Amino acid sequence: MSEFILALISAALVNNLILHQGLAIDPALRLSADQSRRRLHALGLATLVLLVLTSNIGQLLYRYVLQPLQLGYLHVFILLPLCVLLIEPLLAGLSRTLPTLPFSGLMPLLLGNVALLGLGLQLIQGDYGTLQTLAWSLGGGLGFWLALCLFADLRERSDNDSITPSFRGLPVELIGAGVMALAFLGFNGLFTS
């Protein structure tokens, strides 16, 4: 159980998909300042559930279908369609389950999210077990959601007159992302196995 918690915290804080690996920065920068917090939380939740599903199903398909047939080199051709095919049913299921969150219009953001494929490939190459795969995917999704919230807060705070006009918008967001990445790297030596 301690390995599960260690992998969960490591994936969420130390090896954050946005701030440390740069895999999912596009959806974080695409959300505009005028979009609501509810849309941000809908994207975070949808990405979290999609990361957990694609990583774990992809790992199981790789381990129990491709490896016994000695077709392990085809793992990309299993993960990529899996990422794409799960988006529509997931958004439909989440919108029925949580009708207060706006899940409509999230399909392009989820299709362009490289973290889905990137994390799945990392977990297959790392040869993790089922419990560690669950922890890494859950932690990766929670870290993505946390980084989305931090970017939204940064966007709200940087929208004032005290920042020079040349730094407003994307430049201050990228500087803030760098500072956040350095802050998250402070967690690097906190947990040792």
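This is a predicted model: local features need pLDDT of at least 70, side-chain atom pairs count only at pLDDT 80 or more; totals for chains, interfaces and linings use all residues.
Local features need pLDDT of at least 70, side-chain atom pairs count only at pLDDT 80 or more, and totals for chains, interfaces and linings use all residues. Residues are numbered from 1 along each chain as its sequence is written, and side-chain values use heavy atoms, without hydrogens or water.

The chain has an average pLDDT of 82 (the predictor's confidence in each residue, from 0 to 100). At least 70 is reached by 88% of the residues. Confidence is lowest in helix H2 (residues 25–30), with a mean of 60, and highest in helix H5 (residues 87–97), at 93. Helices are DSSP runs of H or I with at least four residues, strands are runs of E with at least two, and both are numbered from the N terminus.

An unreviewed UniProt entry lists "transmembrane region" for residues 40–62, 74–95, 101–121, 133–154 and 174–191. Such annotations may be inferred rather than shown by experiment. Residues 74–95 are 91% helix and 0% strand, with end C-alpha atoms 33 Å apart. Residues 133–154 are 100% helix and 0% strand, and their end C-alpha atoms lie 31 Å apart.

His75, Leu79, Leu82 and Cys83 of H4 are buried (under 20% relative accessible area; exposed is over 50%, partly exposed in between; 1.4 Å probe, protein chains only). They lie on the same side of H4 because they cover an arc of only 100° around the axis. The face turned away from this buried side carries exposed Phe77 and Leu85.

Leu69 lies in the loop between helix H3 (37–66) and helix H4 (75–85). Leu69 counts as exposed because its relative accessibility is 56%.

Note on methods: The arc is that of the directions from the helix axis to the C-beta atoms.
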